Amino acid sequence: MRELSREQFLKILGLSSGAFDQIQHSTGAALAFGSPIPAAPGRYLDIDLVSMAITAPLAPALGRHAATVIVLGFFNHWIAATAEVDTHSGRHYFGLGLVLDEVGRKAKEIRITHGSREEISNDLGGSSSTITIDIGDVVSGLRKRARPIGVDLSGPFF
């Protein structure tokens, strides 16, 4: 894992310092290994980028707080999918399924998994609604955004 400064971290994510501070203040940031704060002040890990990058697309559907709780609480799934992207060919996903109540408004059960599209489909069968995030696309996008600012994320995350 590579260490990043706060400035590098924010530039790669495309966030201003103020926007990130607001996220931390309002709902907490979703960083790696289930932590809402960096291991050392002002220092982030490259894997923290993945965490923040998968929280962002979940927020519009679930709300920022719920997205943060899911990414923090189930970090083992998206970290495993990230490791798979770096070590095996094929697509690897982080997925969640919601089983809604009878009214169809509240989730009475949330299922979390990772793997290939087929594995996720099998694991989330019976869910009322599913969301999948292609971790390969997330990693590729982060690497592409890091290059112009001089950060090399080309090596494996683990």
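Where in the chain is confidence lowest, and where is it highest?

**Figure 1. Overall view of the predicted model, with its confidence by element.** Confidence is lowest in strand β3 (residues 93–100), where the mean is 84, and highest in helix α1 (residues 6–13), where the mean is 96. Over the chain as a whole the mean pLDDT is 89, and 94% of the residues reach 70 or more. The secondary structure comes to seven helices and five strands, and from the N terminus on these elements follow the order β-α-α-β-α-α-α-β-β-α-β-α. Taken along the principal axes, the C-alpha atoms fill a box of roughly 50 × 40 × 25 Å. The radius of gyration of the chain is 16 Å, which agrees with the value near 15 Å that a compact globule of 158 residues would have.

**Figure 2. Close-up of the cluster that ring pairs form from F9, F20 and Y44.** The structure holds four aromatic pairs, and one of them joins F9 and F20 in an edge-to-face arrangement, with 5.5 Å centre to centre and 75 degrees between the planes. Because F9 lies in helix α1 and F20 in helix α2 (residues 17–26), this pair ties together parts that are eleven residues apart in sequence. F20 also forms an edge-to-face pair with Y44, at 6.0 Å centre to centre and with 80 degrees between the planes. Here F20 of helix α2 meets Y44 of strand β2 (residues 43–45), so the pair ties together parts that are 24 residues apart in sequence. F9 and F20 are buried, and Y44 is buried as well.

**Figure 3. Close-up of the largest nonpolar core, which has 40 residues.** The residues with the most contacts inside this core are F9, W78, F94 and L142. At least two core residues come from each of α1, α3 (46–62), α4 (64–73), α5 (75–87), β3, β5 (129–134) and α7 (135–146), and α3 gives the most, with eight residues. Of the 158 residues of the chain, 41% count as buried. Among contacts between residues at least 6 apart in sequence, 62% join residues at least 24 apart.

**Figure 4. Close-up of two arginines whose charged ends sit over aromatic rings.** The charged end of R2 sits over the ring of F157, at 5.5 Å from the ring centre.

Definitions and conventions: Residues numbered from 1 in each chain as written. Predicted model: local features only at pLDDT ≥ 70, side-chain atom pairs only at ≥ 80, totals over all residues. Heavy atoms only, no water. pLDDT = per-residue confidence, 0-100. Helix = DSSP H or I, 4+ residues; strand = E, 2+ residues; numbered from the N terminus. Phe/Tyr/Trp six-rings, centres within 6.5 Å; stacked < 30°, edge-to-face > 60°. Buried < 20%, exposed > 50% of the residue type's maximum accessible area, 1.4 Å probe, protein only. Lys NZ or Arg CZ within 6 Å of the ring centre and 35° of its normal. Core = buried A, V, L, I, M, F, W, Y, C linked by side-chain atoms within 4.5 Å. Rg over C-alpha atoms; globule rule 2.2 N^0.38 Å. Contact = heavy atoms within 4.5 Å.
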